[in-house]
Amino acid sequence: MIELGHLAIEVTRNCNMYCAHCLRGDPENAAASIDLLDRLFSQVSHVEHLLLTGGEPSMRSDILHSLVERAKAWGCTIGYFFVATNAKQYHAGFVDALDELYGYCRQPHRCGLSISIDQFHEKADQKALQEYRSLPYYTKTLEKGRLKPYKIVAEGRAQHNGLGNHTFSPKEFLYCYRCSGDRLQVSDTVYINALGDVLLDADLSYERQRKYSIGNLEQTDLFGLLTQRLFVCGSCHTGNIYTLRYQADAGIVDQTAYTQTLYFQNAARAFGAMQSMGRNIYHIPMNAAPEDIPDDLIIREKEVFKENDLDFLEGKRFHYETASGKKLGTVEIILRQIVPEDRDD
Ligand code: SF4
């Protein structure tokens, strides 16, 4: 059986808006089927954090109802959910389905429904705003008003329109997992799209999803797909220690230079933590108040190579600058493998 820490399900690829910054790309006529939900929930016994994504999930309350019904039928428990809507229209069925899911969640206080409000989304409907904001799981998370360019992922239509200044290299492995007998626990994100493709990344356009899918649930079972992607470090031996050092110039994280070192005994956890740090760079780029962050901030990622450093495993350097070329500083993340001196192998 599989327990998932973060599962994203693409409810539908259809949408009633056409935002210029949409990372998915143009809408497609595809939605999660009951068969897909059955294949999924027959193998997964628990989902801690369920992300319902799209397209526009509120357009398919029927699928959301089925999702709750199939999860219950297979005995798959759910911790909490998060879903975002564009609130272009009020859908009573959407609220009914979410209420049902909310009632089924083990940690309802952590559930969230947010409304995407920024300069790219069309104006939300007044009734939808009023009704959705009155729900017990409503959260303001995505009501930004205005999105800064560096927050936009240059995927899908955003890339086509020249918006956003970063993309992610799609993840190839699962780093945070435990296997015991027939039980597999995965804490990294697993993404199931409306076509049944399984991905290890949620921030990809429909087009790139086709390229980076690790398999499809119609052809292979989820356990088989995930176990082929468990990260194992070929050069790692028990007893080693891994250090992950994060070093930022003054003004990026703090007013003075900032350094943090983390220690791991497990290689997969260390590599996984490095990946997360790299991604979070785009969420918390500077210590300044959001309005002080330059509108034209660009963060460029470069690999670091240290050939003569025996402990060095992997490194990344992030250059913070403005579009006009003003250098603001760098953040460096270096992963090292420390071999205990008294080991004789
Ligand atoms: S950003 Fe959301 S609301 Fe806008 S087109 Fe894409 S899926 Fe639809």
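This is a predicted model: local features need pLDDT of at least 70, side-chain atom pairs count only at pLDDT 80 or more; totals for chains, interfaces and linings use all residues.
I started with helix α8 and listed its buried residues: Ala 267, Ala 268, Ala 270, Phe 271, Gly 272, Ala 273, Met 274 and Gln 275.

I then looked at the helix itself.

Next I asked what covers the buried residues of α8. The cover includes strands β6 (183-192), β9 (241-248), β10 (258-264), β12 (312-322) and β13 (327-338).

That took me to the sheet. I traced five strands in an open sheet, ordered β10-β9-β13-β12-β11, with antiparallel pairing. β10 and β11 (297-304) are the edge strands, each pairing on one side only. From one strand to the next, the twist averages 15 degrees. I checked β11 against β12 and found eight bridges joining the two antiparallel strands. Leu 297 has Thr 322 of β12 as its bridge partner.

Then the ligand. Around it I noted Cys 15, Met 17, Tyr 18, Cys 19, Cys 22, Arg 24, Gly 54, Gly 55, Glu 56, Asn 86 and His 121. I sorted this shell into five nonpolar, four polar and two charged residues.

Buried or exposed? Cys 19 counts as buried because it has 20 C-beta neighbours inside 10 Å. Leaving aside neighbours within four places in sequence, Cys 19 is in contact with Phe 120 and His 121, and His 121 is itself in the ligand shell. I also looked up Pro 149, 130 residues from Cys 19 along the chain: the two C-alpha atoms are separated by 14 Å.

Conventions: Residues are numbered from 1 along each chain as its sequence is written. A residue is near a molecule or strand if its C-beta atom, placed from the backbone, lies within 6 Å of it. Ala, Val, Leu, Ile, Met, Phe, Trp, Tyr, Cys and Pro count as nonpolar, Asp, Glu, Lys and Arg as charged, and the others, Gly among them, as polar. A residue is buried if 20 or more other C-beta atoms lie within 10 Å of its own, exposed if 12 or fewer, and partly exposed in between; C-beta atoms are placed from the backbone. Helices (H or I, at least four residues) and strands (E, at least two) are DSSP runs, numbered from the N terminus. Two residues are in contact if their C-beta atoms, placed from the backbone, lie within 7 Å. Two strands pair if DSSP finds at least two bridges between them. Axes are lines fitted to C-alpha atoms, for helices over the stretch in contact, and angles run from 0 to 180 degrees between N-to-C directions.
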